[in-house]
Amino acid sequence: MMPAELWHESGRYESIGSELVRFEDRNRSKMVLGMTHEEAAVQLVKDYGQSYQQYPFMIYQIQRKFRDEARPRAGMIRVREFTMKDAYSFHTSQEDLEQYYKKCYDAYNRIFGRVGLPEVITVASDSGMMGGSLSHEYMLLNEVGEDSIVLCTECDYRANMEAAESIVENIPKKPVEELRMIETPHCKTIEDVCTFLNSNAETSCKAVVYQRNEDDSFVVAFVRGDYEVNETKLRNYIGAELHPAEIAEDSPLVAGYIGPYCISDKVTYVLDVSLRGIDNLVAGANREGYHYTGLNIERDLENVTYADISKVKENGICPCCRKHALTIKRGIEVGNIFQLGTKYTKSMNMQYVDKEGAKHYPIMGCYGIGVGRLAASICEAKHDAYGPIWPISVAPWEVHICCIRPDDEETKRVADSLYDELMKRKLEVIYDDRDGIRGGQMFADADLLGVPIRVVVSPRNLKEGKVEITTRDKSVTMSVDILQAPEEIEKLKDRLTQSLA
């Protein structure tokens, strides 16, 4: 919880939507629940960072946040209240920020490898409400993820769908037709129009209508009929928050028949790059029951400008290698880093004095890992039909001792002794010596806990003077002498740990 005045200073109190929880305390003071903490971080170090001699520096926290998600889902993958590790760095030059950003970029890759997720990839992303010039997300490719990740199968290009550049090459179709208005009764969708005119989506102009949050004025996004609007790109291009439009009878738009030719001047419209180079388009005629055929944007419209506001498609053109090699995967965002620039220090008037006595605004970086989401993501990536398979670096315990038949005096004595010895060696051990529990139930519970190393002490094994040691992923199974067990368990723990380094 923090004073709303901090968010007023940064300008985000008004710009962020209903995800930010706003309320008043008993003294009628306006408050918010922090969904992120850039404002609080700047307020905290304002006095400390007044001289260039203090720079660069970084502060960090592990803190709860609250975001009023409309649709929490997937256990801990997307929740309203969550825990994050945050860090905020402060610099006197862009070059210094970039050097530190690279260190954090590499450190995060090592972190995800050491917690058992080496398959996490970095992707270029949209900075969104955070602002700034550059940002990267750390994504675990997984089908339960709600983010779409664009990857190139021919080169190293990787980007979040929100930031992926859309490149479309249209082949001109000659001869160029004349612009004609055609009656298309009851044809309000691309599919209906294409069927009626025996045309195709690749030569159709689709209109998607939004309204600005600030004044409800209309914004129409025009894309090729087989493409979808990327709302993040559109919002960034327009420079305003948008919501899906409600088109009333007295509005300047005719629902189902909207096109860029002779559209009302009361409407802002944007032409997507997917429309560039198409000689003969089918588009709405802005008149009930009619469409145009033969629309040529360069010929028929004035001051034509195209913008990238569409989503990338499967097998699309890669911005790096220019091959038709893009593929789209699902992913879970487990971390993110941003170059924030002076967005917050300037708006909140944080300044430092340089060697010459001149004042400047510090340049910020931001680095976050969702702790709860990371744990849930590890479970999604490392599990079998019986439960999680925790990497040893993040497991709740390193060793799970199962004492089968604790009512047997010798079995209990050996299991107790083994537990004591492992604790002396500073291993993290959970010990199951419950009475009346059959071995099958004890093993099922152990699988559900997912501890990396399991040690079974039972009357049957003790007849041979041994205990059984297995790993949760079943890759290691061995029977060792009782006296050698502590050393073998410790060696196995070290091997599992080193495999994550």
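Guide: Start with helix H9: its buried residues pack against S5, helix H4 (94–114), S7, S18 and S21. Contact here means heavy atoms within 4.5 Å. Helices (H or I, at least four residues) and strands (E, at least two) are DSSP runs, numbered from the N terminus.

Visitor: Before going on, what kind of model is it, and how are residues numbered?

Guide: It is a predicted model: local features need pLDDT of at least 70, side-chain atom pairs count only at pLDDT 80 or more, and totals for chains, interfaces and linings use all residues. Residues are numbered from 1 along each chain as its sequence is written, and side-chain values use heavy atoms, with hydrogens and water left out.

Visitor: Back to H9. Which of its residues are buried?

Guide: In H9 (residues 371–381), they are Gly-372, Arg-373, Leu-374, Ala-376, Ser-377 and Ile-378. Buried means under 20% relative accessible area, exposed over 50%, partly exposed in between, with a 1.4 Å probe and protein chains only.

Visitor: Which strands does S18 pair with, and in what sense?

Guide: Strand S7 (residues 134–141) runs antiparallel to S18, joined by 8 bridges. Strand S8 (residues 147–152) pairs with S18 over 6 bridges, in the antiparallel sense. Strand S21 (residues 363–370) is also antiparallel to S18, with 6 bridges. Two strands pair if DSSP finds at least two bridges between them.

Visitor: New topic. In what order do the strands of the open sheet run?

Guide: The order is S13-S11-S12-S14-S17, 5 strands with mixed pairing. Strand S13 (242–244) and strand S17 (306–307) stand at the edges with a single partner strand each, so one side of each has no neighbour in the sheet.

Visitor: How do S12 and S14 run, parallel or antiparallel?

Guide: Parallel. Strand S12 (residues 218–224) and strand S14 (residues 268–272) are joined by 4 bridges. Phe-222 stands opposite Leu-271 in S14.

Visitor: Which helix lies across those strands?

Guide: Helix H6 (residues 231–238) lies across strand S11 (205–212), S12, S13, S14 and S17. H6 runs at about 125 degrees to S14. Axes are lines fitted to C-alpha atoms, for helices over the stretch in contact, and angles run from 0 to 180 degrees between N-to-C directions.

Visitor: Now single residues. Lys-65: buried or exposed?

Guide: Buried, with a relative accessible area of 3%. Lys-65 is in strand S4 (residues 57–66).

Visitor: What does the side chain of Lys-65 make a polar contact with?

Guide: The side chain of Asp-86, at 2.5 Å. A polar contact is a pair of N or O atoms within 3.5 Å; within protein, one must be able to donate a hydrogen and the other to accept it, and residues adjacent in sequence count only if both atoms are side-chain atoms. Not counting residues up to four places away in sequence, Lys-65 also touches others, including His-37, Arg-80 and Tyr-88.

Visitor: And Glu-39, where is that found?

Guide: In helix H3 (residues 38–45). Glu-39 counts as buried, at 0% relative accessibility. The side chain of Glu-39 makes a polar contact with the side chain of Arg-12 (2.7 Å). Leaving aside neighbours within four places in sequence, Glu-39 is in contact with residues including Trp-7, Tyr-344 and Met-348.

Visitor: Pockets next. What lines the second largest pocket?

Guide: 17 residues, of which Met-1, Met-2, His-37, Gln-63 and Arg-64 lie nearest its centre. H3, S4 and strand S5 (81–91) each give two or more residues to that lining. S4 gives the largest share, 7 residues. On a 1 Å grid over the protein atoms alone, a pocket is an open set with protein on both sides within 12 Å along at least five of seven lines, a cavity is a set of points where a 1.4 Å probe fits but cannot get out, and lining residues have an atom within 4 Å of a point.
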